[in-house]
Amino acid sequence: MKLSKKGMYYRIFARSASTALILAFIFPPAILLFLPILALVGAYEYLYWQNFEFEFEEGDLKITSGVITKNKLDIPVRRIQDIDVNKNIVHRIFEIAQVNVKTAGGSTSKASLKYLDEEEAEKIKRKLRELKNRREKQEESESQDIPVSGSQEEGETFYEISDSIWTYSFVTGASSVVFISLLLFMGAIGYSSYVATSTSQLVGYIIIGFVLALIGSTFVFITSSLSVFLDFYDFKVVKRGDIFEYEKGLLNKKGGSLPEEKIQKLEITENFLMRRLGYASLKAETAGYETGEEDTTTSTKTLIPLDSKEKVYEHARQIGELDINQMNNISNKAHKRYRHRYFALSTVGLAMAISLSLIGAHPVIIALPIAGFLVSGKASTLKWDNMGYSLGKENLLVMNGFWTRRTYIAPYFRFQNLITSETIFQRRWSLATITVDTAGDKVVNPRIIDLDRNHAHQLDNKLFDKFQNSIY
Amino acid sequence: MERLEQKIRSVWITTSIIIGSIIGAVLALITQFILGITLVTILMFLAFPSLLAIHAYYRYNNWFFKVHEDHLEINHGVLSKVSAVVPYVRVQHIDTNRGPIERTLGLASLRVYTAGSRGADMRIPGLSKKRAEEMQEELKAKAIESEQGFDGV
């Protein structure tokens, strides 16, 4: 099969325009070269199009491509992890789409079909998924011929964003504003007191600083809420058989899929603002993995961008056999440890502020570390309050973070290793951290931080038992 | 709990003295240039290698592992302590490694791979060649035995 001809025109247009623009940027008269560039790019793209061929042979996707060097790519269907269909606004005008095929073998064995007609792209996606399902079913039943039904069945809507998109955009914008404006306003005070020589000058600088901070915050609010609005408009997850398929986007349409059996753990995220308003979001994390390969790749996909907490938990329950108990607190000593930590940080800040004021900054700068001292008690309580864990029947829940609180839901049977560690700072308090290593990247492992040392070792054994029971 | 071969301690101490001396020499040169006090320079030169050597000494003392019925337990760490549990069901494959230094001393290290991400913690250094090979076989057998059709993820 061939790529779309419209896609070829688009490539010629996009490539020659961008090349010409870059050249013109470096050397403006180069814009005159647009026509020769167009001819060159056009010739190349035509050859590319002519040499690009893809085929489904015995259920495998075979791609032959290359103008100068010929490449042959052969992707066994059962190794396909994910098939995406993406189109940006210009693609949509041309009615073309890009199909990406991801396999477990990492980035080298990834294929992109640039570009296909919109309808054709959907058809190919369907076909690949169908082939993949059939292949998997065949393997399960030792290659007996069974009819494919699962793949064609009508999917049921798992989640649809509808009007929540407005809340989602607003909350996203508002939460980024809180972060940014906190920094900007503090920066305004700090910088003004650093450069001001008299109090009246200081007041003037601070006013200017605040106005700038206000403009900056408004800008941040508009851009961040607009970007999620455009990205998640019309967000929809459909469950077809065992596969979640999602679609989203106002201008740029994106879509992809996520097999339920590949989900390693779920993540419920609530930032400080969402907690206030009773919202949460749900993500699923998968690990691509094939026997005999050392590396696993993790991808996190959003299942619910934002909705009421009840609804998010209700949907999470549908995926895992989830039971949510009351969260257990981490060690009480940890609370004290955080208070000490913030106190120490404020002390360092105070020392820095005093030295700055000695070399000429306005003494007002000392207000910043003083504020730090005042909030350190409250901050440690908030940090501690938002940490916890809970052992359910089938899964472990681990919660952490004040600004953005993440609750990981990891089924026991997904555990890979258990690691208990004590850093040198924790040992002073006889505290320990349990890391639950699941397949995938290191960054997203659930960690139960700052447990009492003895308790940590007990819990470690308990978790190991739960793991054993879930396996056998 | 099983310990590592005594020889690895000497390897660790020697390596830390060599690396420490290089860092120490650089620091000593800088202090000599800035302060010019011979005593401080000498102390600067000695501080790093001796601290690293002490660390290496205790590193050995704190290294334990045990081959349990259904999992491998690894404990190590001087300043920060790590204790890892690797269930055999999850083991993908097991490597033994013998670098040039290890070969001359008849040592080997063993690495257990899982689909998890904390690979660095699943390495046992300073085993005798014989023990490493024996363990590789043993763990492999246990991994196969415990697998019963699980794919490891």
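**Backbone, sheet, core and salt bridges of the predicted model**

In the predicted model described here, A:Asp450 is placed in strand β19 of chain A, which covers residues 447-452. The phi angle of A:Asp450 is near 55 degrees, a positive value in a residue other than glycine. Most residues other than glycine have a negative phi, and most peptide bonds are trans. A:Asp450 is buried, because its relative accessible area is 0% and a residue counts as buried under 20%. A positive phi of about 45 degrees is also found at A:Ser430, again not a glycine, and this serine belongs to the loop between α11 (424-427) and β18 (431-438) of chain A. With a relative accessible area of 25%, A:Ser430 is partly exposed. A further backbone feature is the cis peptide bond that joins A:Lys114 and A:Tyr115, with an omega of about -5 degrees; A:Tyr115 has its place in strand β6 of chain A.

Strand β6 also belongs to an open sheet of chain A, in which seven strands follow the order β6-β5-β4-β10-β9-β8-β7 with antiparallel pairing. At the edges of this sheet stand β6 (111-117) and β7 (156-160) of chain A, each of which pairs on one side only, and the twist from one strand to the next averages 20 degrees. Within the sheet, strand β4 (residues 80-87) and strand β10 (residues 253-259) of chain A are paired in the antiparallel sense over three bridges, and A:Val85 stands opposite A:Gly255 in β10(A). Helix α1 (residues 5-26) of chain A packs on the sheet, where it touches β5 (96-103) and β6 of chain A, and its direction makes about 110 degrees with that of β6(A). Helix α8 (residues 309-319) of chain A, in turn, lies across β7 and β9 (243-248) of chain A and runs at about 145 degrees to β7(A).

In soluble globular proteins, nonpolar side chains tend to be buried together. The largest nonpolar core in the present model has 34 residues, of which A:Leu266, A:Ile268, A:Leu282 and A:Leu303 touch the most other members. When residues up to four places away in sequence are not counted, the contacts of A:Ile268 include A:Ala280, A:Leu282, A:Val312, A:Tyr313 and A:Ala316, and also A:Arg405 and A:Arg406.

Side chains of opposite charge can pair when their charged atoms come close, and a search of the whole structure finds 26 salt bridges over all chains. One of these is formed by A:Asp74 and A:Lys62, whose closest N and O atoms are 4.0 Å apart. Because A:Asp74 lies in strand β3 (residues 71-75) and A:Lys62 in strand β2 (residues 60-65) of chain A, the pair ties together parts that are twelve residues apart in sequence. A:Asp74 is partly exposed at 44% relative accessible area, and A:Lys62, at 24%, also counts as partly exposed. In another salt bridge, between A:Lys239 and A:Glu260, the closest N and O atoms are 2.9 Å apart. Here A:Lys239 lies in strand β8 (residues 236-240) and A:Glu260 in the loop between β10 and β11 (263-271) of chain A, so that the pair ties together parts 21 residues apart in sequence. The side chains of A:Arg240 and A:Glu245 meet in a salt bridge as well, at 2.4 Å from N to O; A:Arg240 is buried, with a relative accessible area of 17%, and A:Glu245 is buried with one of 10%. In chain B, salt bridges that share partners join B:Glu2, B:Arg131, B:Glu134 and B:Glu138 into one network.

Key. Residues numbered from 1 in each chain as written. Chains lettered and ligands numbered in written order. Predicted model: local features only at pLDDT ≥ 70, side-chain atom pairs only at ≥ 80, totals over all residues. Heavy atoms only, no water. Core = buried A, V, L, I, M, F, W, Y, C linked by side-chain atoms within 4.5 Å. Buried < 20%, exposed > 50% of the residue type's maximum accessible area, 1.4 Å probe, protein only. Contact = heavy atoms within 4.5 Å. Pairing = 2+ DSSP bridges. Helix = DSSP H or I, 4+ residues; strand = E, 2+ residues; numbered from the N terminus. Axes fitted to C-alpha atoms, helices over the stretch in contact; angles between N-to-C directions.
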